[in-house]
Amino acid sequence: MAYEQIATVPKYTTLSIPTSGWSGSGPWTRTVSITGGTASSMIDIQPSDTVINTMVNSGTTALFIKNDNGTFTLTAMGAIPNAAITLQVSITEVKPA
């Protein structure tokens, strides 16, 4: 589905993700709280070099955030990170095009 950006400038925040609290057996998921996020927010992760190194060392092949009507779920593919990570995310308001 294509989306049209509503806001002209994304907002940014950080998420502190501990190693505990994941569910599933691959892919792994956890609900995250995103301050400023709404039901129409698209969330993009900007991983730092530290986060990328942790992902590589953990066998984590991907991290992404799904928005289900304002409930944000972080998904880890491959494996969960083996250390706590801090993710910078951008929040962009969108609507279906």
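The following questions and answers concern a predicted model.

Residues are numbered from 1 along each chain as its sequence is written. In this predicted model, local features need pLDDT of at least 70 and side-chain atom pairs count only at pLDDT 80 or more, while totals for chains, interfaces and linings use all residues, and side-chain values use heavy atoms, with hydrogens and water left out.

Me: Over how many bridges do strands E6 and E7 pair?
Reply: Strands are DSSP runs of E, at least two residues, and helices are runs of H or I, at least four, numbered from the N terminus. Two strands pair if DSSP finds at least two bridges between them. E6 spans residues 62-68 and E7 spans residues 71-77, and their pairing is antiparallel, over seven bridges.

Me: Which residue in the hairpin of E6 and E7 takes a positive phi?
Reply: Asn 67 stands opposite Phe 72 in E7. The hairpin has two residues between the strands. The positive phi, near 55 degrees, belongs to Asn 69.

Me: Why do the buried residues of H1 line one face of the helix?
Reply: Buried means under 20% relative accessible area, exposed over 50% and partly exposed in between, with a 1.4 Å probe and protein chains only. In H1 (residues 49-58), the buried residues are Val 51, Thr 54, Met 55 and Ser 58. They line one face because, seen down the helix axis, they fall within an arc (taken from the directions from the axis to the C-beta atoms) of 100 degrees.

Me: Which strands do the buried residues of H1 pack against?
Reply: On the other side of H1, Asp 49, Val 56 and Asn 57 are exposed. Packing is judged by contact, meaning heavy atoms within 4.5 Å. The buried residues of H1 pack against E6 and E8.

Me: Is Ser 90 buried or exposed?
Reply: Ser 90 lies in strand E8 (residues 85-96). Beyond four places in sequence, Ser 90 touches residues including Pro 10, Tyr 12 and Met 42. Because its relative accessibility is 5%, Ser 90 counts as buried.
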